[in-house]
Structure formats: C-alpha cells, structure tokens
Amino acid sequence: MQPAFSAADHEFMARALRLAERGLLTTTPNPRVGCVIVRDRQVVGEGWHVRAGGPHAEVHALREAGDKARGATAFVTLEPCSHHGRTPPCAETLLAAGVHRVVAAIEDPNPLVAGRGLAALRQAGVRAECGLLADAARELNIGFVSRMTRGRPWLRLKLAASLDGKTALCNGASQWLTGPAARQDGHRWRARACAILTGSGSVRADDPQLNVRGIAELPTEIVRQPLRIVVDSRLEVSPDARVLQGGGTLVVAAVTDRARSAALAELGVEVLLLPGSDGRVDLRALLAELARRGINELHVEAGFVLSGALLQAGLVDELLLYLAPCLVGDLARGMFALPQLESLAGRKQLLIRDVRLLSQDLRLLARFS
C-alpha cells in the first residue's frame, strides 16, 4: 500500500530532485541523486551526488546536518545503497547518523540494491517509505534505470530537419538547416549523455567533431566530453577524420582488417568487432556492450540509413527533433531509411512529450507509445 505523504513531504522531495539535477552532466555512470535532511520541518542539511567515486548525496547532506541529523527525516531521490562499492553503504551511514525516517522517491533498480537498502533501514527500526514523486525521479535517471532493468542504454535519436521532413540534400549537404539556438540546445543534450554515436556515412559527409562545445553558461570544469562512437561496418573511416582526433573514440566494425585497426590504434582509437548476420554491425549487441561499459544515455546523431536501422531494430527510445522553418524539396534525404508501408496500420506511433520554440526552430521531444 502506498504511504500517505504530506504536502511538506512533497515540498522536501521536490527540493531533493532539484539538487539531483545539479549532477545531470557529471555523475555518469552513477545515477543523479539528491538528499535533504529535515528536522522539525526545517532543512538542516542537503547535498547531491557530484561524480562517480565521490561521496553520495546522503553523505554530503549528513555532513552539513551534523548532530541535527539525529531524529531527523532524510528525503532522498533514490533508495540508499546497501552494498560496498567505491564508497560505503549509505543505508549504514544514515543509521549511524541516527536518522529516524527515510523517504525515497524510487527503489534502486541496481540488482545489488533493489530494495535491500530500505529493508536494512526497516530492520534497524527506521521508518522507511518509498514512492514519493517517483515519476520525476525515474525520469531524471531514465538512462540508469534502462541500463539496470533492460541491459541497454536509453537511446535518444537527435535529428534536424526541414518542415517537409528532409535532413540533407541529395548531395549530402546539411549544414546548417537549423539556427544557432537549436544547435546550442543540441549540445546541451550531448552534454548530459554518456556517449555520442554516429555512422561512417555522417563522418564522410560532415566530418563532425562529435563533442560538447559552445555552451557559454556551463563552466569548463563541468563539461564532460562523452565517449564518441562511430558505427563503421567495413572499417573505412579515414584516420584524418576529426572524430578520431584526441583519442578515446570507439569504432565499431563488422569486418576484421588488421592494417586499418593498427592505424586507428596509433591514434588511440579502440576498434570493437561486432558482426551481425547481415554483414553489418550487430546494433543490439552494441547496445548491450555499451551498457556493460556503464553507458546510461546514448545520444545518436546519424544519417538516415543508420537512423532507420536503429528504428527498425526497435532500439530508439526517444526522438529529439529540431524542425527548421524551410522547405528543401521532395528529392532531398528523409529522416529514416524505412521499408514502404502497405497500410497505415504499420505506422510507428509517437507520444509528444515536449514542444518548444528555439528562436525560429521548433523542438519536439517524442517517445514511441
């Protein structure tokens, strides 16, 4: 049975969620978590998880609260951990501080925790409740939840198109359909992702850097460069491509070529071989491997062939679509390479979650229903 939460409970959990959002760009592969310690209806301590390997949100909040944590209530956006990782279990830390009540927004989907943290608190006599503002907490950590429950990252596919649904001219020209405001917004979405993925066709056509840049309001020390990934089935990417410079890029292929692999290795590029039955990269196996590497959110900026393949495989969770106020004609390239439908019954239905105007460009956020 769902516990009865008061208006004050909602207020304090909302505050904890706002704190958790401060770790939006920095916590990967860990979840984004906020914590508020309340005693006699007054906040006596608060904190959020900043980055993996550092203190958890509960530790920051308890340090600020000090002795005032004894007999207090801890509002935390994710169930306190109960296992020893790079830091001690937060459930034990809360018990040692003398907290008498813990309210969690959601249970931790990590199988190492999965209810054990709350159970340990209850066994020690602490009033432990769960489910307050659960949807908001789950949304904040949608990638972490996906990795833990589905064994693959949350895949967000970003596209920029004209109003007639075209992403590039027949000759491949696509820069720039959208304006500066939309492009800067796209970099903010890149910044929250753990990895950015594109295809070899986009590398040849656009030679992208595939990094985060040009976000004036973000301090340099906060901007974390996501892992860059190139799906290149035949291992044809040029060593001069900008996406390979600086090392740390992952190239995923379906064929073995020792000479090309060696040339890429000299640049600090890792080559991963994941052949599928059709001679192309096994995309489902790729996502499973990325989850194993701790990738929570995967941001994809690809051409219509790879975008269509991901969509056909049922691997796209969310569309981030920027529509420019222009028309480029019927012969230009569309968003997805998809087979022709014989009936509208085969259409892929979407649920629009957000619509907003960025200068003159329209941004849509949609999920498959």
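Reply: Start with the salt bridge: a side-chain nitrogen of Lys or Arg within 4 Å of a carboxyl oxygen of Asp or Glu. The model here is predicted, so local features need pLDDT of at least 70 and side-chain atom pairs count only at pLDDT 80 or more, while totals for chains, interfaces and linings use all residues. Residues are numbered from 1 along each chain as its sequence is written, and side-chain values use heavy atoms, with hydrogens and water left out.

Me: Which domains does the protein chain have?

Reply: Domain bounds come from an automatic or database domain assignment. For this chain it gives domain 1 (7-143) and domain 2 (152-368). Their C-alpha centres are 34 Å apart.

Me: How many salt bridges are counted between domain 1 and domain 2?

Reply: The count is three. Arg353 and Glu139 also meet through their side chains in a salt bridge, at 3.5 Å from N to O.

Me: How many residues of domain 1 and of domain 2 are in contact?

Reply: Contact means heavy atoms within 4.5 Å. By that rule, 11 residues of domain 1 touch 12 residues of domain 2.

Me: What area is buried between domain 1 and domain 2?

Reply: The size of an interface is often given as the accessible area lost when the parts come together. Buried area uses a 1.4 Å probe and is summed over both parts. Here the value is about 1,100 Å², with carbon and sulfur atoms giving 51%. On the domain 1 side, Leu25, Ile142 and Gly143 lose the most area to domain 2, together 49% of what that side buries.

How values were computed. Buried area is the accessible area (1.4 Å probe) that two parts lose on being put together, summed over both.
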